[in-house]
Amino acid sequence: MLQIDLWKRVLIWLVCAAGLMLALPNGFYTRVEQANDAAADIIAKGETSERLETAGQWPAFLPSGLVNLGLDLRGGAHLLAEVQVSDVYEARMDALWPEVRDALRPERSTVGTFRRQPGKADEIRVKITKPEGMARALDVVRELANPITTLTGVGANDIEVSAEAGVLVVRLSEAEKIASDDRTVRQALEIVRRRIDEVGTREPTIQRQGADRILIQVPGIGSASELKAIIGTTAQLTFNPVVGRGSDKDAAPGIGNKIIPSLDESGIYYTIEAAAVVTGEDLVDAQPSFDQNGRPAVTFRFNTSGARRFGDYTAENIGSPFAIVLDDEVVSAPVIQSHIPGGSGIITGNFSIEESTNLAVLLRAGALPAGLEFLEERTIGPELGQDSIDAGKIATIVAFIAVLVFMGLSYGLFGLFANVALILNIALIFGMLSLIGGTLTLPGIAGIVLTVGMAVDANVLIFERIREELKAGRGPARAIDEGYSKALSAILDANITTFITAVILFAMGSGPVRGFAITLGLGILTSVFTAIFVTRLIIVMWFERRRPKTIEV
Amino acid sequence: MRLKLVPEGTSFDFFKLSKLWLGISALMMVVALVSFFLQGLNFGIDFRGGTTIRTEASESVDVGAYRDALAVHDLGDVSITEVFDPTFEEDQHVAMIRIQAQDDGEAITGGMVEMLKQSLDAVAPGIKFVSVESVGPKVSGELIQTAVLAVALAIAAVLVYIWLRFEWQFALGAVAALVHDVVLTIGVFSELQIKFDLAIIAALLTIVGYSLNDTVVVFDRVRENLRRYKKKDLAEVLNISINETLSRTVMTSVTTLLALVSLYVLGGDVIRGFVFAMIWGVLVGTYSSVFVASTILLRLGVKRDWSKQANTTGNQFSNIDA
């Protein structure tokens with residue numbers, strides 16, 4: 001009856017021991033964290049005696065996984081950004097216009113003269129003077145379309161060409177928009193990640209959320225504005241042909257051109273062609289350096305296709321100026337002196353050394369393909385986090401002691417057994433959190449405290465049942481056995497229902513709420529384990545040793 | 001010597017006044033709903049957008065001066081409350097500033113926060129912004145939807161689980177108790193105008209879980225006793241079951257409350273609202289599992305011709321051995 005096989009006993013104690021070992025590093029949080037950081041540095045940057053010493057603070061044979069502290073405990077910044085995916089449509093259309101123009105030019109005899117009309121940002125409208133040539137114009141422009149392959153749009157083209165009252169309209173197809181949106185968000189995600197990595201902070205979370213959002217959480221950073229400054233800077237580098245230079249920013253630029261200010265000469269505006277010759281996307285490297293006069297500058301190198309286009313353009317336009325444009329400001333507009341074949345160049349301007357270094361970083365990390373709009377931002381100062389940790393610690397300890405004392409008073413020796421299980425339970429929660437790399441948040445601490453209160457529930461159910469069996473006149477061994485088996489269905493039903501809500505919380509919640517769901521869910525698993533295996537084993541071991549004739553629960 | 005909160009072998013009649021209890025519950029729910037519809041909830045920025053700034057200064061908070069300092073920025077509705085907490089240091093004076101959502105879809109800009117800080121620094125030198133949280137109106141609308149969906153899903157999932165494990169009458173009784181608990185919790189938040197944010201939704205779901213825990217334990221015993229006492233009528237079986245589990249119900253509520261109260265007192269003001277919701281939920285959940293769930297079950301009646309079924313259906317997990 002009251003028998004537990006040896007292998008089961010060993011297994012139960014092994015699980016408990018493993019849990020304790022995994023939880024152990026959290027007791028020495030700062031020390032283990034320093035040791036882990038040093039160990040990571042040794043791998044990344046090589047050994048130094050200092051790093052070796054710091055890494056040695058925590059023995060390598062012990063587990064070193066730690067519970068991550070959430071932003072609300074460690075302090076840091078949280079941003080939810082929405083990628084403005086439609087930004088890309090405009091750039092696509094502007095890039096397509098020269099191709100449309102070149103395709104229509106040989107057909108002037110049939111279509112007449114043509115002009116691009118102003119329209120919505122995501123379309124090209126071309127007015128042709130001979131309406132009877134529209135069919136031909138449509139054919140010619142349609143030739144520019146590329147087939148795209150998606151799961152849904154097999155055989156679809158990337159652009160749709162139609163005629164509306166004598167105006168030829170080119171738009172992106174729906175399938176292409178969907179594909180383009182996905183690409184844009186993925187690119188943005190990658191670039192945000194690289195920019196944050198360049199700054200080198202600890203364990204940032206950068207995740208895609210839904211169709212067009214990016215969640216960014218960086219612990220330890222001073223404020224959300226600081227974080228935005230790192231990721232939000234677009235650093236969109238383009239090289240555009242210059243049409244003119246002047247001081248009137250409201251002058252009519254002409255179709256396909258735009259007027260943008262100069263970066264360091266105030267009051268000077270350049271008229272440039274909106275379609276770029278080469279963009280930052282073709283950039284493969286950018287390094288801070290100095291120009292021939294010893295002033296800070298940035299050297300850059302294009303990839304093959306960028307180098308070819310840049311080379312061709314410079315060869316064809318010797319003697320005319322072109323603009324180096326950074327985030328819609330002209331950094332400089334040198335005159336092309338000669339054919340530049342190698343695909344590398346230098347950006348000079350009134351930079352400080354720091355500015356040139358930052359610019360190089362931004363260029364290297366690449367341009368964000370589209371703007372980001374920040375829908376949610378939270379900054380939690382490290383002091384507040386520390387206050388919360390301190391308060392949470394005290395509250396947990398007090399709650400713990402109160403429950404331990406209460407259980408002891410209510411159930412005597414059996415209450416002490418339950419208390420041992422409760423302590424193991426907390427250790428197991430921390431052990432599992434460390435193992436899965438879970439994040440502890442402030443509501444998560446509340447989840448643990450709640451678990452402390454509720455973890456005893458399973459034991460209470462069992463003990464009450466044993467009492468009833470004793471009252472019904474059963475012997476001690478029989479009462480314990482019956483108590484366990486009869487309480488089991490109630491324990492399982494009650495905990496499974498609570499577990500269901502924890503799972504739903506985890507699936508639907510975000511941030512701190514999710515942290516709560518994790519500790520609550522883990523707490524349910526560990527408390528069921530400790531109640532039906534650990535306390536039972538302790539009671540059985542006690543019973544075997546003492547063989548009491550009567551027991552009091 | 002044992003501490004016993006409930007004397008042994010109680011035989012209270014829980015249904016003698018069942019009409020009264022149901023009446024009280026119904027009345028409380030009506031009050032909660034009226035309060036909810038009349039004055040609404042004090043939604044935090046998670047649900048209505050806007051910005052909250054938690055400030056800390058060494059001098060005591062002068063709400064009027066803060067308000068005047070911020071007035072120049074023309075931010076629309078600004079509310080400033082001083083926060084008191086026993087865990088604060090002597091010279092730690094904390095205020096929460098809440099600013100309504102601004103017109104554009106975005107959250108607050110960094111430059112704005114810096115400007116506000118400068119203005120406040122003039123009236124409270126050395127003021128620190130220990131947290132700044134800003135949610136744009138676009139997201140806050142979605143957060144409400146997700147939250148409502150989460151609560152509804154949790155209740156539905158539980159309904160199905162209990163239906164599978166018990167009978168549909170049990171499921172309805174349990175869900176009636178759940179709805180009762182959720183409505184009363186929302187009611188108390190509306191009545192006391194406590195800030196209602198995302199964390200409170202987590203608390204609501206926990207209450208759902210806890211209340212259910214209690215109800216299921218009682219129902220489990222009802223199911224067992226229905227098989228044991230085939231001749232007794234339902235009211236009597238229910239009474240026996242509730243009395244038998246009463247000691248456990250009280251014990252678990254007390255241990256949970258012990259833990260929660262210590263968190264409420266010592267856990268700091270950031271999660272006080274959250275913990276308050278849970279304390280309330282434990283009290284209401286304990287009450288409802290006895291007086292609402294069981295009473296509904298009594299009214300619905302239970303099919304009792306399961307005598308032919310194998311008697312292991314109820315405890316099919318019981319054969320698991322440690």
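Helix α5 (residues 87-104) of chain A has 18 residues, which at 1.5 Å a residue should span 26 Å; its end C-alpha atoms are 26 Å apart, in agreement with that expectation. The expected span is 1.5 Å times one less than the number of residues. The model is predicted: local features need pLDDT of at least 70, side-chain atom pairs count only at pLDDT 80 or more, and totals for chains, interfaces and linings use all residues. Residues are numbered from 1 along each chain as its sequence is written, while chains are lettered from A and ligands numbered from 1 in the order in which they are written. Helices (H or I, at least four residues) and strands (E, at least two) are DSSP runs, numbered from the N terminus.

**Helix α5(A)**
- A bend of about 30 degrees occurs at Leu96(A), and the proline Pro98(A) follows within four residues; the bend is the angle between axes fitted to the seven residues ending at a residue and the seven starting there.
- Val88(A), Tyr89(A), Met93(A), Val100(A) and Leu104(A) are buried in α5(A).
- A residue is buried if 20 or more other C-beta atoms lie within 10 Å of its own, exposed if 12 or fewer, and partly exposed in between, with C-beta atoms placed from the backbone.

**Helix α13(A)**
- The 30 residues of α13 (residues 442-471) of chain A should span 44 Å at 1.5 Å a residue, and the end C-alpha atoms are 44 Å apart, which agrees.
- A kink of about 30 degrees is centred on Val452(A).
- Of the 30 residues of α13(A), 29 are buried, so the helix is largely enclosed by the rest of the structure.
- Gly473(A), with a positive phi near 90 degrees, follows α13(A).

**Sheet β13-β14-β17 (chain A)**
- These three strands, in the order β13-β14-β17, form an open sheet with antiparallel pairing; two strands pair if DSSP finds at least two bridges between them.
- At the edges are β13 (283-290) and β17 (344-348) of chain A, each pairing on one side only.
- Strand β14 (residues 296-302) of chain A runs antiparallel to β17(A) and is joined to it by five bridges.
- Ala297(A) has Thr348(A) as its bridge partner in β17(A).

**Gly319(A)**
- Gly319(A) is located in the loop between α10 (304-316) and β15 (322-326) of chain A.
- With 8 other C-beta atoms within 10 Å, Gly319(A) is exposed.
- Apart from neighbours within four places in sequence, Gly319(A) is in contact (C-beta atoms, placed from the backbone, within 7 Å) with Val335(A) and Ile336(A).
- A separation of 75 Å lies between the C-alpha atoms of Gly319(A) and Ala427(A), which are 108 residues apart along the chain.

Definitions and conventions:
Two residues are in contact if their C-beta atoms, placed from the backbone, lie within 7 Å.
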